[in-house]
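Hi everyone, and thanks for letting me take a few minutes today.

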Amino acid sequence: MKIRLGPAGIPTVATKRSTVDGIRTVAQLGLNAMEVEFVRGIAMSLEAADEAGQVASQLDVRLSVHAPYFINLCSEDRKVAEASKKRIVDSALRAERMGAVEVVVHPGYYGKLDPKRAYELVKQRYLEIADELKAKGVKRAKVAFETTGKVSQFGTLDEIVELCRETGCILCVDFAHIYARQAGKIDYAEVFDKLKPLKPKHLHVHFSGINWSPAKKGEGGNELNHIEIKHDKPPFKPLAEEILRRKIDVTIISESPILEQDSLAMKRVFEELGYKF
């Protein structure tokens, strides 16, 4: 069992705003993971990805990648779907060069589709992406579909688990998103129980506090914005206790507004519970 902690993006205290300097800062802080953010677009060259991977390997910082937000695999517009697939493939090619496994993806929006039809579209398009990645020699990097925080978005935990089970993709469990979508409720044990059929060797998760509002139609809630973990919405300590109790090999990426500061706060919680980094 190994616990890895780090920020979503370059730490706020990094003096230079490059991925390599971000990785070095993460290691200097005593953290050991970082998610490289392509959320606004992919500006990194393949050569720069090579360099980031080399530095991360030397410093034992586990890298992951977050693909752009502008992705909708549920779209019935073929152009939107093809552009979405290209963004995922381009992200994965860079992840592969970095030595990263997880390429975190927000799958898309239901729109006018019923959830079953949306699921079939995501599944079909993921399989097309998987074929393309295989053809391009990608062996390590894998698409990790993220649990989403709005009732309009494809990506309940049940949907993502079923997609993993059927296609062999992996997942990113965003606990704040689950908490928001369930209108301020979360049962960590229940979440981990639902993951049991997948038998994950390593679990990639996001954590932060989150503000949410009730969904206008039906039940549930919608995420508004990420907040610091000190607000206990949702609480972190019970999650840490559940991870230790189950001996889960995990990377926890902080999506808090204070990024690495909350990664260090999580580290302190684990240490208080007896875990030694």
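**A short tour, starting at a loop**

Let's begin with Asp 60, which is partly exposed, with a relative accessible area of 42%. Before I go on, please keep in mind that this is a predicted model. You'll find Asp 60 in the loop between helix 2 and strand 3. Its backbone is worth a look: phi of Asp 60 is near 55 degrees, a positive value, and this residue is not a glycine.

Now for another aspartate. Asp 232 sits in the loop between strand 11 and helix 8, and its phi is also positive, at about 60 degrees, although Asp 232 is not a glycine. Is Asp 232 buried, partly exposed or exposed? It is partly exposed, with a relative accessible area of 47%.

The peptide bond leading from Lys 233 into Pro 234 is cis, and its omega is near 0 degrees.

Next, let's go to a pair of helices. Helix 1 covers residues 19-28 and helix 2 covers residues 46-59; they pack at an angle of about 10 degrees, and their axes are 9 Å apart. What does that angle tell us about how helix 1 runs relative to helix 2? Angles under 35 degrees count as roughly parallel, so helix 1 is roughly parallel to helix 2.

Who makes the contact? On the helix 1 side we have Thr 19, Val 20, Ile 23, Arg 24 and Ala 27, and on the helix 2 side Glu 51, Ala 52, Val 55, Ala 56 and Leu 59. Sorted by type, the contact residues are 7 nonpolar, 1 polar and 2 charged.

Helix 1 has other neighbours as well. Its buried residues are Thr 19, Val 20, Gly 22, Ile 23, Thr 25 and Val 26. These buried residues pack against helix 2, and also against strand 1 (3-7), strand 2 (33-37) and strand 3 (62-66). Just after helix 1 comes Gly 30, with a positive phi of about 85 degrees.

My last stop is Arg 125, in helix 4 (residues 115-135).

Notes
Residues numbered from 1 in each chain as written. Predicted model: local features only at pLDDT ≥ 70, side-chain atom pairs only at ≥ 80, totals over all residues. Heavy atoms only, no water. Axes fitted to C-alpha atoms, helices over the stretch in contact; angles between N-to-C directions. Helix = DSSP H or I, 4+ residues; strand = E, 2+ residues; numbered from the N terminus. Parallel < 35°, antiparallel > 145°, perpendicular 65-115°, else oblique. Contact = heavy atoms within 4.5 Å. Nonpolar A, V, L, I, M, F, W, Y, C, P; charged D, E, K, R; others polar. Buried < 20%, exposed > 50% of the residue type's maximum accessible area, 1.4 Å probe, protein only.
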